[in-house]
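Here's a quick briefing to read with the model open beside you. Take a look at the structure first, then work through the points below.

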Amino acid sequence: MKYNTVFHTLGMIVLSLSASMLFPLFCAFYYQEETAIYAFLSSIIITLLFGIFFYYHFQAENEIGRKEGYVVATLGWLTTAAFGTLPFLFSGVLTNFIDAYFESMSGLTTTGATVLQTIEGNPLSVLFWRNQLQWMGGMGIIVLMVAILPALGAGGMQLFKSEVPGPEKYKLTPRIKETAKLLYQIYIIISALQVACLYFTGMSFYDALTHMFGTMATGGFSPKNLGVGHYNNLTYEIIIMIFMLIAGVNFTLLYKVLHGDLKSLFKDREFLFYISVILISIFIITAQLHIYIYKSILTALRYSSFQVVSVITTTAFVTVDFDQWPALSKSILIILMFVGGCAGSTAGAIKNIRILVLLKKAGREFQRILHPHAFTPIYIGDKKISEEVVSSISSFFFLYMLIFVFGTLFMAYLGLDMVNAMFSVATTLGNTGLGLGSLVGPAQNYTFLPPLGKILLCLCMLLGRLEIYAALILVVPEFWKK
Amino acid sequence: MKVIIIGAGKVGIQIAQTLLSENHDVIIVDKREEIKQDLDSHLDIMTIIGNGANVRVLEQAGIRNAGMLIAVTQSDEVNMIACITAKQFEVKKTIARIRNSEYMYEDSLSKEKMGIDFIINPENSTALEIIGLLKAPVNVCETQDFAGGKVSLFGVKVDEDNLFANKKIKDTNLGQHSLIAALFREDNLIIPNGEDEIYAGDIAYLITKKEDVTSIGQFCGRKNIATQNVIILGGSNIGVQTATLLNETGIKTKLIEIDKEKCEKISELLPQTLIINGDGTNIELLREEGIDQTDGFVSVTGFDEDNLLTALLAKHLGAKKVIAKISKTNYIPILENIGIDAVVNPQLITAAAILRLLKHGELIDLALLQEGEIEVVEFIAQKNRETNNKPLKTLNLPDNTIIGAIVRDKETIIPHGEDVIISGDKVIIFTKPAETRKIEHLFL
């Protein structure tokens, strides 16, 4: 392990984090929030000093290798979340480090679970920071590093691989740095578009910006107590829903679409699967809500479509307390929480491509029983999925479920009831941030969880965001052997 | 510039590495699926899996806005089709590796019609390299000419018997016309100063004026020989081409080939060569053919192991200089320690030849030594550069860099600290690949 290289790169990450705090600082000046100004100034200085120390004290020896890629990604996320707590602590919004770490990690991993009991009333700049963390974590702090760091060479690919979600990672350009830049460009363009849409339909600029952060990162933080439900405005809901939908699509695909290749959208099997799952879910839930709760079918459609998109993209904006919905509708939402968005998007959870491959693999077993000698590679569209990828997807699914099971057991051990235990883990592991139950349901927050539980959930969020292997490999003893 | 390389063999990868270090964008196309992951994690390139002659694959690789296409797959035909297709998309520069000399007749499909700007023939380049090595003294394992042959570079293996072994460079008395430009010791390049010592086991890179061959003879000690006769093992393309070139210079050649039918064909091609049908690994056969009286032994069959072992055997039986062709570069670092005088690797030679073409324009010449660990570049000093007319010792050269020779009109200078560069001079510089950029920045 080349520790110097690792710490040098971490220093770079911390330095950029410090720079990114300038935006909320500006916001604090604008709203003249005195405590927040001091909080951000001191956060910037402390982060900067640490960054400088790491960056200059450790000189990069050589290129980032495979192992270093994982270490930098995982430690990068842990440290960023740690320094991200400073504004919360200094401004007095949160007083307990574990709470602040939970909030910071939940933001960065775009989970959107919160320990704040009331959101409104806190300094606007701190709420801005909370949402900005989501936006940065959405496309990824490591991808940002790859985009701005000078030539990382092949090391950039190692870093990129350890953060970008999905079973297979593709470059858009020969140089990884250019690919990372392009991804951020698309991210920024679509983000700007959303801000414009919200702003010109009447939302204040601050609200438009913060909600965009929550939407594009599929995070779900909002500066309002009631989230998007606060406005009770159909236009906003439609705009936010559309952009959540977009953020759940593979950004490589979005790149092609933005470059005029609309056809590739309808050729992409994962996208089609994603859209079908959404449409079918909306149809069933709307029907059920219409029968049991809402007289108007349009009202049923409004709530069901927003909630379905919000949950499948793992955003978890809430416009209605769906804990009151009938069991089938609730169950569908819960299952969607495990499905998640597409690979290469900002959404979390298992991802559509993996579900699709697993479905085909399950179907293939029947084929094999009928024709024991059949040669049966798995195709997604016209693309063959190699056996290694298929097997790594199966293992991923199994590990995902295993972590879910053991996390639930641990939360139950800490005294949570079954529903709360299950959903607190499922929702953090899937980076959704919204569950069911008396503690973690749509109208609740995570304040009253025991501290150990919060730490476990932080780990679940990280594992979910880095798709398990990249983070978990660090606890394999052999990884550290020379 | 965007460069598409077809074929991720040794040649393709070596070229990719060099292009990357010069900030070009590289896309590699290869048929083999299994190499993708390995390539992606080692090089900052894009890998496309597919047939390089397939226009859809090339489109996927971005042929529409590529500046250059280099086709170096195993198949001549694929290379040619790739180049034709590339020209159709108006790619500026196309380079193809073509092995089969049957495609090279004057009245066959012309280069221009195929849309190939440069053709590289590895067998031919390798044969030339072998000839250069045969002509040089025994312990020379690499040779290269610069400035149109006015300056020669020799890589000399230093052994215990060498007069200069264990001496400091300043005590070597090589004279004004030669310079030890670099030492290669245990996989490290050393650009020496007067205080550095030469050890047995080093490879010393010596730059000399062409007319001053005595110093190289002196450096190599009593092992200087004039090659009179050569035995070639293996009737491959390389073997035949080597024999042809040797015959042209009047050196007697024998060629051993195991396949009878092949012997017949070869004998038509090489009327002046004695073709022997037999197994070259057979000691008796080698003895009969007078291996102990042979100046040069070259093994160029298709099998690395055969080549290496027979070369060792020939050396053991008394051949003065043995050269083996190998395809697996992994062996190279250990080979020169086991007694083989020199090895040639067609892939590395091809890569170097292509790189030379790529650099054409900025540089006049470029050579790669020790599998690309050392670069030797030759360029013409430009007008109005700060580096002109200044004593060399005051120039701020990058680390691991030395000016090996300056050629001014008809005069060749092996420079010392007080010499200067004047615009129009041909300058030959030794450096590490990582520093090439700085050199170009400084002088070009």
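Helix axes are lines fitted to C-alpha atoms, over the stretch in contact, and angles run from 0 to 180 degrees between N-to-C directions. What you're looking at is a predicted model, where local features need pLDDT of at least 70, side-chain atom pairs count only at pLDDT 80 or more, and totals for chains, interfaces and linings use all residues. Residues are numbered from 1 along each chain as its sequence is written, while chains are lettered from A and ligands numbered from 1 in the order in which they are written.

**A helix pair in chain A**

- Two packed helices are described by the angle between their axes and the distance between the axes.
- Helix α1 (residues 3-20) of chain A and helix α4 (residues 66-84) of chain A have axes that come within 9 Å and cross at roughly 35°; helices here are DSSP runs of H or I with at least four residues, strands are runs of E with at least two, and both are numbered from the N terminus.
- The crossing of α1(A) and α4(A) is right-handed, meaning that the near helix is turned clockwise from the far one by less than a right angle.
- Among the residues that meet are A:L10 and A:I13 in α1(A), and A:V72 and A:F83 in α4(A); contact calls for C-beta atoms, placed from the backbone, within 7 Å.
- Sorted by class, this contact of α1(A) with α4(A) has nine nonpolar, five polar and one charged residues. Nonpolar covers Ala, Val, Leu, Ile, Met, Phe, Trp, Tyr, Cys and Pro, charged covers Asp, Glu, Lys and Arg, and the others, Gly among them, are polar.

- You'll find A:F205 in helix α11 (residues 205-216) of chain A.
- A:F205 counts as exposed because it has 10 C-beta neighbours inside 10 Å; the cut-offs are 12 or fewer for exposed and 20 or more for buried, with partly exposed in between, and C-beta atoms are placed from the backbone.
- From A:F205 to A:S391 is 186 residues in sequence and 47 Å in space, C-alpha to C-alpha.

**Chain B overall**

- Chain B has 14 helices and 22 strands.
- Buried residues make up 47% of its 444 residues.
- The C-alpha trace of chain B spans about 65 × 65 × 40 Å along its principal axes.

**Where the chains touch**

- In chain B, 10 residues are in contact with 11 residues of chain A.
- On that side of chain B, β2 (25-30) and α2 (35-42) each supply at least two residues.

Technical notes: Two residues are in contact if their C-beta atoms, placed from the backbone, lie within 7 Å.
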